[in-house]
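Please examine the sequence and the structure shown below before reading the briefing that follows.

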Amino acid sequence: QVRLVESGGGLVQPGGSLRLSCAASGISSSFSNYIMEWYRQAPGKERELVAAIITTPDTADYEDSVKGRFTIERDGASKTSALQMNNLKVEDTGVYYCHAQHTTIHALDFWGKGTLVTVSS
């Protein structure tokens, strides 16, 4: 059974930093076969894609509002993904979800339960 478990959320002041982590377990095929993504859902809003990475850092892509502030990472050895978030803004508040999508088998699509990030003074 595939599980994605996020950690690292919390309360931070504007301008602060947080590092979210996502640990994957139970993936039978190679971890490198999965695109790793981070989504967030702000209160009262739809879930949106924040960042995605296929393999190396140059394959990363970001939602416009987080470019230059967030960095997505992945590590095949530990089967983890991370989202480094710097210069956080109030509008970054939300539940952040880790998502793993197989590159060719679309039915292999897994979500974590989310971790709450609150940016407030």
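Which residues does Arg 40 touch, not counting residues up to four places away in sequence? Arg 40 touches Glu 46, Arg 47, Glu 48, Val 50, Glu 63, Ser 65, Val 66, Phe 70, Glu 91, Asp 92, Val 95 and Tyr 96, where a contact means heavy atoms within 4.5 Å. This is a predicted model, in which local features need pLDDT of at least 70 and side-chain atom pairs count only at pLDDT 80 or more, while totals for chains, interfaces and linings use all residues. Residues are numbered from 1 along each chain as its sequence is written, and side-chain values use heavy atoms, with hydrogens and water left out.

**Arg 40**
- Arg 40 belongs to strand S4, which covers residues 34-41; strands (E, at least two residues) are DSSP runs, numbered from the N terminus.
- Arg 40 counts as buried because its relative accessibility is 4%, buried being under 20% relative accessible area with a 1.4 Å probe and protein chains only.
- The side chain of Arg 40 forms a polar contact of 2.9 Å with that of Asp 92 and another of 3.1 Å with that of Tyr 96.
- A polar contact is a pair of N or O atoms within 3.5 Å; within protein, one must be able to donate a hydrogen and the other to accept it, and residues adjacent in sequence count only if both atoms are side-chain atoms.

**The whole chain**
- The chain contains 11 strands and 0 helices, helices being DSSP runs of H or I with at least four residues.
- Buried residues account for 40% of the 121 residues.
- The C-alpha trace spans about 45 × 30 × 25 Å along its principal axes.

Technical notes:
Buried means under 20% relative accessible area, exposed over 50%, partly exposed in between (1.4 Å probe, protein chains only).
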